[in-house]
Amino acid sequence: PNQRRKIMDMNYADVALYEYANTSFWDKMSTVGPDFYDEVQRLKDAKDDVRNQCKGFNEWEEDLHRQALLETPGLDAMSAMCHAMQLDSKGFVKLLKRKSSIQTRECRTVSVFPMKHVALVHAPHVPTDIVTNFA
């Protein structure tokens, strides 16, 4: 409870923004009609269709996706979308920069491992004001 309070105090603006957005979301959700749930189902079905159509692209290395998008003449729209969906944010920015003739060395990331997940772990031997990213 004490550590939770510290985190809440340190992130009070984030907490306030979250609480406002959460309340606003549920206020809006209380007014949706039955068409909303039909639309959600259509979205889920479309997502499943795309997932099935892009299944063969999941195992490619990211550079190959970018190369296919840049160098494959006559690439059909579905394949292009499948390739683009496999790029992380840095890869997508690189793609946009190359398409715009901007040098990719101008594209930087602050993370050494942009695809890794970050976990906040409190270890007894580490001071509480230190955050460590264990990969």
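Local features of the predicted model were considered at a pLDDT of at least 70 and side-chain atom pairs at pLDDT 80 or more, whereas totals for chains, interfaces and linings use all residues. Residues are numbered from 1 along each chain as its sequence is written, and side-chain values use heavy atoms, with hydrogens and water left out.

The protein chain has an average pLDDT of 79, and 75% of the residues score at least 70. Helices are numbered from the N terminus and correspond to DSSP runs of H or I with at least four residues. Confidence is highest in helix α2 (residues 12-29), at a mean of 93, and lowest in helix α6 (residues 89-99), at a mean of 82. Over residues 116-122 the pLDDT is below 50, and this stretch has 10 contacts in the model beyond near neighbours in sequence, a contact being heavy atoms within 4.5 Å. The pLDDT also stays under 50 over residues 129-135, for which the model has 8 contacts beyond four places in sequence. Where pLDDT is low, the predicted coordinates should not be read in detail.

A disulfide was assigned to a pair of cysteine sulfur atoms within 2.5 Å, and the count by this rule is 1 disulfide. Such a link is a covalent bond between the sulfur atoms of two cysteines. The disulfide joins C54 to C82, with an S to S distance of 1.9 Å. C54 lies in the loop between α3 (34-53) and α4 (62-71), and C82 lies in helix α5 (residues 77-85), so the pair ties together parts that are 28 residues apart in sequence. The disulfide is left-handed because the torsion about the S-S bond of C54 and C82 is about -75°. Accessibility was classed as buried under 20% relative accessible area, exposed over 50% and partly exposed in between, using a 1.4 Å probe and protein chains only. C54 is buried, at a relative accessible area of 3%, and C82 is buried as well, at 0%.

Salt bridges were defined by a side-chain nitrogen of Lys or Arg within 4 Å of a carboxyl oxygen of Asp or Glu. The whole structure contains 4 salt bridges. One of them pairs the side chains of D48 and R51, at an N to O distance of 3.0 Å. D48 and R51 are 3 residues apart in helix α3, a separation of about one helical turn. Both residues are partly exposed, D48 with a relative accessible area of 33% and R51 with 48%.

In helix α4, E62, D63 and R66 are linked in a network of salt bridges. The side chains of E62 and R66 meet at 3.8 Å, N to O, and these residues are 4 residues apart in the helix, or about one helical turn. R66 also forms a salt bridge with D63, the closest N and O atoms being 2.3 Å apart; R66 and D63 are 3 residues apart, again about one helical turn.

Technical notes
Helix = DSSP H or I, 4+ residues; strand = E, 2+ residues; numbered from the N terminus. pLDDT = per-residue confidence, 0-100.
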